[in-house]
Amino acid sequence: MLKEKLLYGIFALLLALAVNVQAELTIEITSGVDNPMVIAVAPIAEKSGVLPEDISDIVSADLQRSGLFSTIPRTNMLSFPGDQSEIYYRDWRVLGAQYLVFGNSERLPDGRIRVTFGLAEVLGEKVVLSQMVHGRDDSIRDIAHYISDKVYEALTGIRGAFSTRLAYVIAARGGDGRQVYRLMVSDADGARERLMLESTEPLMSPGWSPDGKELVYVSFETGRPAIFRQKLADASRRQITNFKGLNGAPAWSPDGRKLAMVLSKDGNPEIYIHDFVTGAFTRLTNHFSIDTEPNWTPDGNSIIFTSDRGGSPQIYKMNLASGATERLTFRGNYNARPRLAPDGRTLVMVHRDNGQFHIASQDLITKDFRILSGTFLDESPTVAPNGAMLLYATKRSGKGLLAAVSIDAGVKFFLPAREGDVREPAWSPFL
Amino acid sequence: MSFQTIKTGFLIALLSTFLAACSSTSTEDGSMGAGADGSAGGVATGTAGDGSAYGDDLSAGGLATVFYFDFDSSTLKSEARAALNMHAQRLKSNPLYVRLEGHGDERGTREYNMALGERRANAVKEYLVLQGVNGEYLEAISYGEERPAALGSDESSWSMNRRVEMTKR
């Protein structure tokens, strides 16, 4: 049995290695903020050796995707400063740039690459950030996203989430016409897509461990839904549940020790918590209605979930210590699949409005309620670990694709895949 | 590039086969929108009632093995009950392990639809048990919206997808 699992792990690993970028996501920005900051990202001056990828292109795209920045095209730039002494501020003032990112790269004797970068304020004519970052040829994108994170944080005060990852499911027709389900992981910008698992049986509900090193998901490969966990590093995996009925909606606790899920082994969909250490399954809810889609509050003290105990699906919160349960949503007759932003007060959910399904947010303190998405059949919202953006799944021309919207609904963009239906995005924690 | 063309051609062929298949059965869910019972064609018209004649073919004699549901409902329609009465007779005299696969349409969230699909599968299971079939032989499994029978985003596709499929285990 162990040997079989090991073999399976190796097989999955081989698969993961064999399939390279084949259905990479691309980005289409549809709207940004009204007054974006104008920033120029000068090409990184390459002092020794040519870099395999263009760092400033990646940084530029990152900043633009946040919707908060408008970037100056390289062809308009009058000079390419590699360090502070080479900056002629008037070159950037005439372009209308408020900020400038500059830098240079060097190959060290041990083969590593060192990038020295800075951020300058054009009007004030001063450098406000200056840093060094090291990497290898295969981590150029990591270096670029690191620079984006630092620049974003310096200018917005919010920690950047460009170095994070996404997990999602792609459903496509295989060569024999059968549906094929693929569990994928990519960078937050859709690049470096990697296959974690492929199956002819449905794969669904991917989620991350709080350390970002494992995924949890539902697979029907046994002929029934079952919950699995899988390591990103070596693609090895382990089955966690095999109960009769539903085994679904797994959600890892913030402390990493527990997994919330829905099971119907006792006859009805109920929320359970599995303790990874003791192996115990503890039932949380006890109601004849549907209770499903559990998720943790950021402090780990409560579970939010969907229940139709009031006659229509609505979102409830249960305190784990006291068992006290309160209803959180009251607008409309369909609110489901809740997620909380890292601030613990912005609730995002799937909301039905005039027969259409949109992503909505509700401030749990002010009760301010907003519909964030304008597309149709929207589902599976997932919030970035910095709380600035959320991703969700939608449909366009009959095809499933991912869309993103800022938490204030000002910025919107799509991430369509080249083939297949993309669905169920899950944004990783900070890595 | 040529691969793309071939694939598209294949998909079209597949789709047209599928559409042809749909159109022949579309009468049986035509009554759903109207909410009328209607004597739907193709459902429960089988004559084999003694149970012994059909062996292990669940659809022998043209007996329906797919049962459709209204939106957000797990209530069995009268034509489904009529077909299930026949299945119950057959299964009592010739016990078979049967899978009841519950499905939903794409609207709403995936895990909530898993729960709805299970409700539908359980409704069929409970009905068969009420008719005297041994529940040990029946397994209810939900696929939620993960395995649609029709791929469109309109009522005609959705009504094909809200279903329970009965198969041999």
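Modeller: Happy to! Let's take chain A, where the C-alpha centres of domain 1 and domain 2 lie 36 Å apart. Domain 1 of chain A covers 34–156 and domain 2 covers 165–427 (bounds come from an automatic or database domain assignment). Bear in mind that this is a predicted model, in which local features need pLDDT of at least 70 and side-chain atom pairs count only at pLDDT 80 or more, while totals for chains, interfaces and linings use all residues. Residues are numbered from 1 along each chain as its sequence is written, and chains are lettered from A and ligands numbered from 1 in the order in which they are written.

Where the two domains meet, five residues of domain 1 of chain A are in contact with eight residues of domain 2 of chain A (contact: C-beta atoms, placed from the backbone, within 7 Å). On the domain 1 side, α2(A) gives the largest share, three residues (helices, H or I, of at least four residues and strands, E, of at least two are DSSP runs, numbered from the N terminus). That side of domain 1 of chain A has one nonpolar, one polar and three charged residues (Ala, Val, Leu, Ile, Met, Phe, Trp, Tyr, Cys and Pro are nonpolar; Asp, Glu, Lys and Arg charged; the others, Gly among them, polar).

Helix α2 of chain A, residues 55–65, also packs with helix α4 of chain A, residues 140–156, at an angle of about 45° and with the axes 9 Å apart (lines fitted to C-alpha atoms over the stretch in contact, with angles from 0 to 180 degrees between N-to-C directions). That angle is why α2(A) counts as oblique to α4(A) (under 35 degrees is roughly parallel, over 145 roughly antiparallel, 65 to 115 roughly perpendicular, the rest oblique). The crossing of α2(A) with α4(A) is right-handed (the near helix is turned clockwise from the far one by less than a right angle).

From α2(A), A:Ile55, A:Ile58, A:Val59, A:Asp62 and A:Leu63 take part. Their partners in α4(A) include A:Ile140, A:Arg141, A:His145, A:Ser148 and A:Tyr152. By class, this helix contact has 10 nonpolar, two polar and two charged residues.

Finally, chain A also meets chain B: 28 residues of chain A are in contact with 18 residues of chain B. Strands β11 (203–208), β15 (247–252), β19 (291–296) and β23 (335–340) of chain A each supply at least two residues of the chain A side. That side divides into 13 nonpolar, eight polar and seven charged residues.
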